[in-house]
Amino acid sequence: MAQTVLKHAVSQESVAADLDAVRATVTGVIADIRERGDAAVREYSEKFDNWSPESFRLSDRQVAEIVATVPDQVIEDIRFVQDQVRAFAQHQLASMGEFEVETLPGVRLGQKHIPVRAAGAYIPGGRYPLTASAHMTIVTAKVAGVPRVVACTPPIRGEIPAATVAAAHLAGADEIWLLGGVQAVAAMAVGTGTMQPVDLIAGPGNAYVAEAKRQLFGQIGIDLFAGPTEILVLADDGADPFTCAVDLLSQAEHGPDSPAVLITTSREVAEATVAEVERLLPTMPTRDFAGPAWRDHGQVVVVDSLDELYELADAFAFEHVEVLTADPREALERMTQYGALFLGEGTCVSFGDKVIGTNHVLPTRGAARYTGGLWVGKYLKTVTYQEVTDTASQALLGRLCGRAARVELFEGHARSGDLRASRAAGDALPWAEGR
């Protein structure tokens, strides 16, 4: 594959060193919260967020008072977007069939879906009040039928994020806590004196939140292993460089470690896009984040053909892939490794982040190689059940089980099968004389 790299990202070694420091901090915080519960949570909230209210959980009255301060247009917009998320999640749920089949006479096998009993929704707020994350985590959980959803979001510079509280409330959260960071994730996972633990935690967050979820996975379920937001723009020679630049920066503003990558078949488009980025960056209100992200994690690669473009795109396995080519739907057939595709110039990644209805909690750091993003099925446990009522089938399966288990030297398993064959058809039990 012929490639010309016009812009490189920083080395992965420096990224790994940063993650090692995060990992050590998170390990200590989780251990402390396990041991001291609410007292430790309060100390970390004071330390990291300068926040120590009488109760981190908002009462129903407090929620109502906060929601009342949110402008009507904001409330209307929240309701509209949540309707889109809810409708898409309902279609996902409808696609998940429960069934029962008779595979042999009197042998019934079935599948059903059971929602987790309690889910935690982490809604970031350190840099921005990410109201959209409330839609994605809470609405989807409620469509799945989760009876208890706990929402945690941090204060922003010592202030209550009213729009986020409104979004969590309208989405159907059963508990809303003004608590952020590792302390929020650990409290939801292990429980404290005032918070009962949940079974699964979903939602994006910074490197510390992501690492906390990673370390707690196993004790609780998580949606996926997450890292910084990623965008990959795929462009041919007909793509508009201004659009490429605007959309790359739209995701770079998430944080200084957010990768923004352009792969194109046109050197002209590549060079013009870089020029547009450099022209737009100084005027962006979020340039303090977008600038370092582009400087350290931006990449621009020119390839010779669309075949090479799609092959390289799959190798990146990025979270968001925006396809700005003459036939964007071709990517549906050509690509297999991505969190979400955004097809054509009329469909930007920001639509998926904020308003269109698909879930914006998506795999990063190459996780698209083995998983998709958050969806209604993540909150459901797909379980099976079996029933054998026909005596001939009991005998058949019992004899087969005995033979199969003894091949593997599992005598106990074999005897369970022998017993069913004996009860159903009178087979002898040489290992249980007198029974």
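In the predicted model described here, Ile78 has its place in helix α4, which covers residues 72–94; helices (H or I, at least four residues) and strands (E, at least two) are taken as DSSP runs and numbered from the N terminus. The model is a prediction, in which local features need pLDDT of at least 70 and side-chain atom pairs count only at pLDDT 80 or more, while totals for chains, interfaces and linings use all residues. Residues are numbered from 1 along each chain as its sequence is written, and side-chain values use heavy atoms, with hydrogens and water left out.

Ile78 counts as buried because its relative accessibility is 5%, where buried means under 20% relative accessible area, exposed means over 50%, and partly exposed lies in between (1.4 Å probe, protein chains only). When residues up to four places away in sequence are not counted, Ile78 touches His135, Ala163, Ala166, Ala167 and Leu170, a contact being defined by heavy atoms within 4.5 Å. A separation of 31 Å is found for the C-alpha atoms of Ala275 and Val361, which are 86 residues apart along the chain. Ala275 belongs to helix α10 (residues 267–280) and, with 46% relative accessibility, counts as partly exposed.

For the chain as a whole, 16 helices and 14 strands are assigned, and the C-alpha trace spans about 90 × 60 × 45 Å along its principal axes. The chain has 435 residues, of which 49% count as buried. Among contacts between residues at least 6 apart in sequence, 73% join residues that are at least 24 apart. Another buried residue is Ser422, with a relative accessible area of 18%, which lies in helix α16 (residues 411–425) and touches Asp427 and Leu429 when residues up to four places away in sequence are not counted.

Three aromatic pairs are present in the structure. The pair formed by Tyr44 and Phe48 is stacked, because the ring centres are 5.9 Å apart and the planes stand at 10°; rings of Phe, Tyr and Trp (its six-membered ring) are paired if their centres lie within 6.5 Å, and planes under 30 degrees apart count as stacked, over 60 as edge-to-face and the rest as tilted. Tyr44 and Phe48 are four residues apart in helix α2 (residues 38–49), so about one helical turn separates them. Tyr44 is buried, at a relative accessible area of 13%, whereas Phe48 is partly exposed, at 42%. A further pair, Phe217 and Phe225, has ring centres 5.6 Å apart and planes at 85°, and is therefore edge-to-face. Both of its members are partly exposed, Phe217 at 47% relative accessibility and Phe225 at 34%.

A ring also takes part in an arrangement with a charged side chain, since Lys7 lies over the face of Trp294, at 5.0 Å from the ring centre; a charge is said to sit over a ring if NZ of Lys or CZ of Arg is within 6 Å of the ring centre and within 35 degrees of the ring normal.

The second largest pocket contains about 200 Å³ of space. A pocket is an open set of points on a 1 Å grid over the protein atoms alone, where a 1.4 Å probe fits, with protein on both sides within 12 Å along at least five of seven lines, and lining residues have an atom within 4 Å of a point. Grid points are joined across faces, edges and corners, and the volume is the space filled by probe spheres set on the points. The lining of this pocket includes Phe88, Gln92, Thr358, Asn359, Leu362 and Trp375. By class, the lining has five nonpolar, six polar and no charged residues, with Ala, Val, Leu, Ile, Met, Phe, Trp, Tyr, Cys and Pro counted as nonpolar, Asp, Glu, Lys and Arg as charged, and the others, Gly among them, as polar.

Most residues other than glycine have a negative phi. Asn50, however, has a positive phi near 50°; it is found in the loop between α2 and α3 (60–68) and is exposed, at 66% relative accessibility. Arg365 likewise has a positive phi near 50°, and lies in the loop between α14 (349–354) and β14 (380–388), where Arg365 is partly exposed, with a relative accessible area of 43%.
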